[in-house]
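Try each task yourself before you read its solution.

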Amino acid sequence: MRPLSTRTAGFTDSVIRRMTRISNKYGAINLSQGFPDFDPPKEITDRLAEIAPRGPHQYAITWGAQNFREALAKKQSHFTGLDIDPDKNIVVTCGSTEAMMAAMMTVVNPGDKVAIFSPFYENYTADTILSGAEPIYIPLVPPAMAYSRACSRSEDSKQASISSRSIAAFSFDANLIENAFRQGAKALVLCNPSNPCGKVFSREELQTIADIIIRYDGYVITDEVYEHIVYAPHKHVYISTLPGMWERTISCSSLSKTYSITGWRLGYVIAPERIIDRVKKVHDFLTVGAAAPLMEAATVGLCFPDSYYEGLQAHYTHMKHLFCDGLRQFGLEFTDPEGAYYVMLDVSKYGVKDDLHFCEWLAEHVGVGAVPGSCFFKEDVHHLIRFHFAKRDETLQAALDRLSELDSKAKTYQCTEVNKI
């Protein structure tokens, strides 16, 4: 038979989703794939129950139901300060995954190049390759990790000063971004706040990126699904709001994380009319449209007051402290996130050479699911694994109880590794 596509020949399955299956296999607490185990806001699920008998059950307008787009435009105009038109600037998609794919196919041609920060969410490379483009990776340099043991929520001013200096974000070299565009990059993918590393890009960093984008007449494709999950004192800044960037930014996001409805697959693209007109066509031939009854129910959430987002931030801040404080008590080293809901744990002290094998061992013998960090890095990184903490207190505490035995149980893992040599 004739061979299958060479474009997809190098693809693997999603390692993130694979680790969910492995967690399920061993009955591990799944801190790998980033979905919560608590319910969405009651107002949204109540609305879904109301409309279930009567609909809508048929296709909505291809680029999204009118009332959904109007509510989304009002919400995002409020948070960005931009004047977003529901008819000219929005396409509703089947999750941010489709939003990113539609944005990529709108911007790039086969043979173009796309700059991607590393570590990255694994779909970005696939999106680039499926679009016929070539990825160029820009390393985000991890901060020193030894601080994590010392960084507690101490009220002591000296300790707070030490902590604030220690929690340095992943950093980047602007010259490498410029080099990527010198090599012909047409667009840059920006995940902010970042999955997996939890970096929140500062206004100054975003301005540096914007200056390069403008200088080389490029585009930015953003993934901002964690825009409302940011930890003080950090603030989320939309790069589309910087001078000269609205016309160059294709903003992708979703309702999945903000309203705890990851299974509803409701995402969107926001961009200038010139770009959105093209996104509409791509989206139409990719998926036709998002689910009509789910858009109707989720519109309630888009109309929530600011207090909802303040409560969301407080909730995630609590979960972050609960989980990270537990890891500190065990003397484990990890990155302390500025946004999103992930930590990257340093497992180098266990002699890990194969982080995928270690995560499989962790699920089976410790009973906690994690994602091997190597699936996020273009660089040769095998000493980091990713946990997420979007879970109920009792789930996080149960996971911590199991992780408290990691050091002692890891001795058997180390023996296994030694015997393999």
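The exercises below use a predicted model and cover its cavities and one of its sheets.

**Exercise 1. Describe the lining of the largest cavity, by residue, by element and by class.**

Solution. 

Step 1. Begin with the count: four cavities reach 30 Å³ or more. The largest cavity holds about 90 Å³ of space.

Step 2. Now find the residues around the largest cavity. Its lining is made of 14 residues, and those closest to the centre are Gln76, Glu224, Tyr238, Ser251 and Ile270.

Step 3. Next, trace the lining back to elements. Those that give two or more residues are α3 (66–80), β7 (249–254) and β8 (267–270). With three residues, β7 gives the most.

Step 4. Finish by sorting the lining by class, where Tyr counts as nonpolar and Gly as polar. The lining of the largest cavity then has seven nonpolar, five polar and two charged residues.

**Exercise 2. Work out the strand order of the open sheet of three strands, and say which strands lie at its edges.**

Solution. 

Step 1. Look at β9 and its partner. β9 is joined to β12 (residues 384–388) by five bridges, and the two strands run antiparallel.

Step 2. The open sheet reads β9-β12-β11, with antiparallel pairing.

Step 3. Name the edges. β9 (342–346) and β11 (371–372) are the edge strands, because each of them pairs on one side only.

Technical notes:
Residues numbered from 1 in each chain as written. Predicted model: local features only at pLDDT ≥ 70, side-chain atom pairs only at ≥ 80, totals over all residues. Heavy atoms only, no water. 1 Å grid on protein atoms, 1.4 Å probe; cavity = no way out; pocket = protein on both sides within 12 Å on 5 of 7 lines; lining within 4 Å. Points joined across faces, edges and corners; volume = space filled by probe spheres on them. Helix = DSSP H or I, 4+ residues; strand = E, 2+ residues; numbered from the N terminus.
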